[in-house]
Each structure stands twice: as structure tokens, then as C-alpha cells.
Amino acid sequence: MTVPSPARGTTVISEKAVRKVVQRAAAEAVDEPARAVGASAAVAGRRVTADVRVPLPYPAHLSDETRRLREHVLERARTLTGLQMSTVRVAVTRLTQTAAPVDPAPSAEAHAAGPRRWWSQRRRPTGLVLALAAGIALAVTVDVFRVHLAGARPAAWRRSTVDWLSDHGPGDLSVTLAGTGCALCGLWLFVLALTPGRRRQLTLAAGSQDWSAAIDRSAVASLLRDAVHDVPGTQNVRVRAGRRRVTVRGEIAFGDCEGARAQARETAARTLADCGLHRPPRLRITLRPAAVWQPPAPRDTAPAPAEAAA
């Protein structure tokens with residue numbers, strides 16, 4: 001890439017162009033159409049931070065797949081844009097079935113210490129507060145300019161607000177309620193600033209601190225639901241995946257209840273371990289006999305009449 005000189009001008013690559021490059025590179029890595037891949041990028045000088053949202057094949061080890069995806073996106077983005085991409089965060093949106101089975105055995109690096117939870121940018125609360133503050137400041141500024149430059153009378157809403165504030169003191173109920181509301185709003189913003197957010201995502205174990213990946217809790221729940229549902233005799237399997245605990249509930253329609261429960265626990269634990277989560281949640285499985293369940297018929301070990309006569 002030719003280095004631009006001051007005499008020839010400066011080349012600026014917009015965030016939209018970088019986002020398109022990252023989106024295309026991610027689509028190449030996962031062999032999916034670009035419309036199935038989401039991406040966002042933030043450019044600060046010559047450094048780029050990107051977020052990628054992709055579907056991944058199933059079954060496959062998520063940590064290995066996300067690491068391969070990140071390396072491909074880094075290489076392609078650096079080659080095509082010439083910018084320094086420092087961080088690529090990968091979010092798995094869903095799991096797609098592959099034609100050929102893939103070995104889901106995790107690598108040794110997958111059990112290494114992974115990154116902490118991702119921090120949300122809090123765009124909606126920030127945008128709401130900024131829009132509210134900007135609207136009030138704009139209305140007051142416009143009215144002040146009208147009064148001092150055009151000689152107009154102050155707006156009715158500003159006069160009525162000043163008159164109302166002059167007649168109501170701190171002990172008034174309405175003032176107390178308004179102050180309480182502002183305090184609660186400030187406490188809400190303070191909590192948002194100190195908590196990471198993105199509660200629907202679970203971080204995956206990473207082989208190094210240079211990359212991070214996450215998976216939606218709904219994808220983990222879908223994996224566990226399919227795995228437990230494949231256990232013979234189970235039906236109506238429901239899974240609730242939380243950040244610290246995963247609860248599996250279902251029914252046993254036929255067969256041995258204790259055997260089905262043991263097999264379901266083993267299958268669910270293996271499936272949860274194959275996800276390669278940084279902090280695996282606790283697993284709780286509850287399987288109750290269905291209304292149509294009947295105990296298995298006991299095996300008759302007595303010899304047949306003909307055999308007894310012989």
C-alpha cells in the first residue's frame with residue numbers, strides 16, 4: 001500500500017467501508033452469505049475495533065471456530081484496508097446443521113483462562129439521555145436568543161416554569177417526587193456504568209488474551225434441548241439457560257426412569273463441556289414420569305413349562 005504524502009493529501013477510510021470489509025471477511029470464514037453475518041466497526045485514527053455476529057456450524061468446537069474466524073478477519077481487514085485492527089469480538093448468533101459431522105472434541109487451549117464478560121456500549125440509555133439533554137438545552141438556547149437578539153418575549157413554557165418553581169419549595173410533594181425520580185434515574189445510569197451488561201451472552205474459553213468470543217444463551221439452550229431430547233424415553237424437554245445455572249426439565253414417556261435420568265445427566269454435562277464456556281454454569285436436570293408412563297414389565301426368569309418337564 002502506497003504511503004500518502006502530505007503534498008498529495010490524506011486518504012480517509014470510513015467506518016462503513018471498514019464494516020463492509022469485516023462483514024465480507026467473516027462471511028468468507030464461515031462460508032455463509034454476507035446477509036447472514038452482522039458486523040460493526042469503530043475507527044480511531046489507524047486503529048480499528050470490530051464486532052462480528054455470525055452463525056457457526058454444528059457440531060463443532062466453538063472456541064476453535066471463533067479463533068479461526070478472528071484470524072481470518074484480522075488478516076483480510078489488514079490487507080484490504082491497511083489499518084491496524086486491534087480487537088475483533090465474535091458473537092455466535094445461532095448454530096447451523098452441517099452435512100458432514102465434525103469432531104466436537106475440545107482442544108487443550110480451549111480450557112485455558114478466557115476473557116471476562118463483554119461490556120455493553122449502552123447505546124440506547126446513552127442516546128436517550130443525550131437526546132433529552134440536547135432537546136432541553138436547544139429549547140432554552142433558542143428562546144434566550146429570541147429574547148436578547150430579536151427582542152421577543154420569553155416563551156410561555158419558560159415563564160410558567162419559572163413561576164411554578166418560585167411558588168414551590170423543597171418540601172412540596174411534587175418537588176420531592178421529581179427529585180426522587182431524578183435520583184433514581186441517576187442511580188440507574190450509575191449501575192449501568194458499573195455493570196458489563198450483555199446478559200444474554202456467555203463468553204467462551206480462549207487460548208490467549210488476544211481474542212474473545214461469546215455465544216448466545218439461547219444457542220446453549222438449543223444444544224442442551226436437542227441433546228437431552230435424543231435420550232430414549234424423554235419428551236417435552238424445556239431448557240432455561242442462565243449465566244450461572246442451566247435448568248433442564250422434561251418428561252419420561254417410557255423406559256426406566258433412573259436410567260433415563262442418568263443418561264440425560266451424562267449427555268447434558270458432555271454437551272455443556274463441549275461448548276467450551278469460560279465459566280460453565282451449574283447444571284440442574286429434572287425429569288418426571290409423564291402421565292402415560294408405565295413401569296417396565298419385570299423380566300420373567302423362571303424356566304418355561306417345557307424346559308421344566310425336560
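Student: What makes residues of H6, such as Leu223 and Leu224, count as buried in this model?

Tutor: The model is a predicted one, and the word buried is kept for residues with under 20% relative accessible area. Arg217, Ala219, Val220, Ala221, Leu223, Leu224, Ala227 and Val228 of H6 are buried, so each of these residues falls under that 20% cut-off.

Student: How do you know what span is expected of helix H6?

Tutor: The expected span is 1.5 Å times one less than the number of residues. Helix H6, residues 217-229, has 13 residues and reaches 18 Å from its first C-alpha to its last, which is close to the 18 Å expected.

Student: Which residues are in contact with leucine 69, leaving aside neighbours within four places in sequence?

Tutor: They are Ala26, Ala29, Val30, Val54 and Val90, and each therefore has a heavy atom within 4.5 Å of one in leucine 69.

Student: What makes up the lining of the largest pocket, by class?

Tutor: The lining has five nonpolar, five polar and ten charged residues. Arg53, Ser120, Arg123, Arg198 and Gln201 lie nearest the centre of this pocket; because arginine counts as charged, Arg53, Arg123 and Arg198 belong to the charged class. The largest share of the lining, four residues, comes from S3.

Note on methods: Residues are numbered from 1 along each chain as its sequence is written. This is a predicted model: local features need pLDDT of at least 70, side-chain atom pairs count only at pLDDT 80 or more; totals for chains, interfaces and linings use all residues. Side-chain values use heavy atoms; hydrogens and water are left out. On a 1 Å grid over the protein atoms alone, a cavity is a set of points where a 1.4 Å probe fits but cannot get out, and a pocket is an open set with protein on both sides within 12 Å along at least five of seven lines; lining residues have an atom within 4 Å of a point. Helices (H or I, at least four residues) and strands (E, at least two) are DSSP runs, numbered from the N terminus. Buried means under 20% relative accessible area, exposed over 50%, partly exposed in between (1.4 Å probe, protein chains only).
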